[in-house]
Amino acid sequence: MFDALSDRLQGVFKSLRGEARLTEAAVDAALREIRLALLEADVNFRVVKAFVERVRAKAVGEEVLRSLTPAQHVVRIVRDEMLALFGDAAGGLRATARTPRVVLMLGLQGSGKTTTSAKLAKWLTAQGRHPMLVSTDVRRPAAIEQLSVLAGQVGVRVHDPAGEMDPVARATGALAATKNLGFDTLIVDTAGRLHIDDELMGELAAIKAAVDPTDQLFVADAMTGQDAIRSAGEFNHRAGVSGVVLTKLDGDARGGAALSVVGVVGVPIAFVGTGERIQDLEPFQADRLVSRLLGMGDVLSLIERAEQAIDEESRERLEQKTRLDDFTLEDFRDQLRTIKKMGPLEQVLGMIPGFGGLKQLKEQREQIDDRQLGRIEAIICSMTAGERRNHGLINGSRRKRIARGSGTSVEEVNRLLKQFVQMRKMLKMVGGATGGGRKGRQRLMDMMKGGRNF
Ligand SMILES: Nc1nc2c(ncn2[C@@H]2O[C@H](COP(=O)(O)OP(=O)(O)OP(=O)(O)O)[C@@H](O)[C@H]2O)c(=O)[nH]1
Ligand SMILES: [Mg+2]
């Protein structure tokens, strides 16, 4: 269901990929697209507006991590802000010390309350809990029977005293049975209505007073988009809602509902329903949805690794140095170490979009494997501190010594020095006024990716 949105978002990131620097114009163009994509996906317009503003502020204000391209930088900000849209709460049910736990299911007609009640019972059973089910839907003739059938399918006990047609009495009786029989959770299914009306609210208030629920889950049909969100907000206002269950996410809803829940209703998404089968219920996981939306699971994990690997201090030091045109072999080595810390190089390269699929990949991988990085490091380590700071000192006899000390050859030492000099030149060119350390860094990555031999 999120396909259209995720296609659009991925298109935006693709268009940024060629940008060497994040200009305000590039950010503006990308944000316009993101805004449209979100509105088209039926995300609440206020949520979109606030979202876009936050991304803009960060995109132009933040320093780009050295190892990220501008496009990846924007992906990172969008990822962070999308996660923020879902709040901090983890999906599923909140921990509680209360026994039995009472879960009241709320929602409009046909939203999926009864199905979700049974799904939730199954999920709880898998968590080692012992739930009991009760229907308080005495309006629709087959409703009680429907829950019993579903309960039978999942092997969960249902409280159904024959002939009892008072919703409150059914709920009260079920709570007593739950306690007496040693069950730890009671799930109370309720009757749906076409609209929120006073009669419904009165009935819910009476049931609430009888069972004092731990959780009030509002079951919303994602296919009805913003309407579902509006009713969730109204329910929250009038009856209280502790979490939202978005059902029918497997359908062709545009998905905007999911991104609007926290912003509009003010409560987290607890579960999502992804199909008609009884096992199609999942605790909501914002990070999963976000990487699916951005369609860049790989880039996202690359970003995380880069964030972890980059040592703030050496980063700043390096930036200053490149500004001063004072990039030494030691800095060169530090950069290689950073790249190494990001994981096996092969894996890091495989994560870069468009790179993983290239035909030459195998060949390139061979040229820049970890072993080779190790040799480069060995060469630099075999130099004296003075040589590392001033490569001009490294004459023919010193080259021989370094080759011997590092177990490599003079040719390899020569190659490395040549490469280093080239990089210095490049850094000098892109450095200066723009403080282009990042760009230089990018070139380093590009050179290595290009597989030029040292
Ligand atoms: N595809 C899909 N269908 C679902 C999902 N959840 C529920 N349904 C279907 O939606 C329809 C209505 O579900 P119910 O559980 O009866 O909804 P309800 O809210 O209890 O309805 P009322 O009791 O009449 O208010 C059923 O056909 C379900 O199979 C879901 O996550 N995906
Ligand atoms: Mg029902």
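Mentor: Before we start, a residue counts as buried when its relative accessible area is under 20%. Keep in mind that this is a predicted model.

Trainee: Okay, how much of the protein chain do buried residues make up?

Mentor: The protein chain has 454 residues. Judged by that cut-off of under 20%, the buried share of them comes to 52%.

Trainee: And how many helices and strands does the protein chain have?

Mentor: Let's tally the elements along the protein chain. There are eight strands, and the helices number 21.

Trainee: Let's zoom in on H2. What span does H2 reach from its first C-alpha to its last?

Mentor: H2 runs over residues 24–40, which makes 17 residues. At 1.5 Å a residue you'd expect 24 Å, and the helix comes close to that. The span of H2 is 24 Å.

Trainee: Which residues of H2 are buried, and what arc do they cover around the axis?

Mentor: The buried ones are Ala26, Val27, Ala30, Leu31, Ile34, Ala37 and Leu38. They sit on the same side of H2, because the arc they cover is only 125°.

Trainee: Then which exposed residues does the face of H2 turned away from its buried side carry?

Mentor: Here we want residues over 50% relative accessible area. On that face of H2 they are Glu24, Ala25 and Arg32.

Trainee: Now H8. What do the buried residues of H8 pack against?

Mentor: Start with who they are: Leu200, Met201, Glu203, Leu204, Ile207 and Val211. Their arc around the axis is only 160°, which puts them on the same side of H8. Their packing partners are strand S1 (101–106), helix H7 (167–180), strand S4 (185–189) and helix H9 (226–238).

Trainee: One last stop, Thr116. Is Thr116 buried or exposed?

Mentor: Thr116 lies in helix H5, residues 113–126. Leaving aside neighbours within four places in sequence, it is in contact with Met105, Val219, Val245, Thr247 and Leu281. Its relative accessibility is 3%, so Thr116 counts as buried.

Terms used: Residues are numbered from 1 along each chain as its sequence is written. Chains are lettered from A and ligands numbered from 1 in the order in which they are written. This is a predicted model: local features need pLDDT of at least 70, side-chain atom pairs count only at pLDDT 80 or more; totals for chains, interfaces and linings use all residues. Side-chain values use heavy atoms; hydrogens and water are left out. Helices (H or I, at least four residues) and strands (E, at least two) are DSSP runs, numbered from the N terminus. The expected span of a helix is 1.5 Å times one less than its number of residues. Buried means under 20% relative accessible area, exposed over 50%, partly exposed in between (1.4 Å probe, protein chains only). The arc is that of the directions from the helix axis to the C-beta atoms. Contact means heavy atoms within 4.5 Å.
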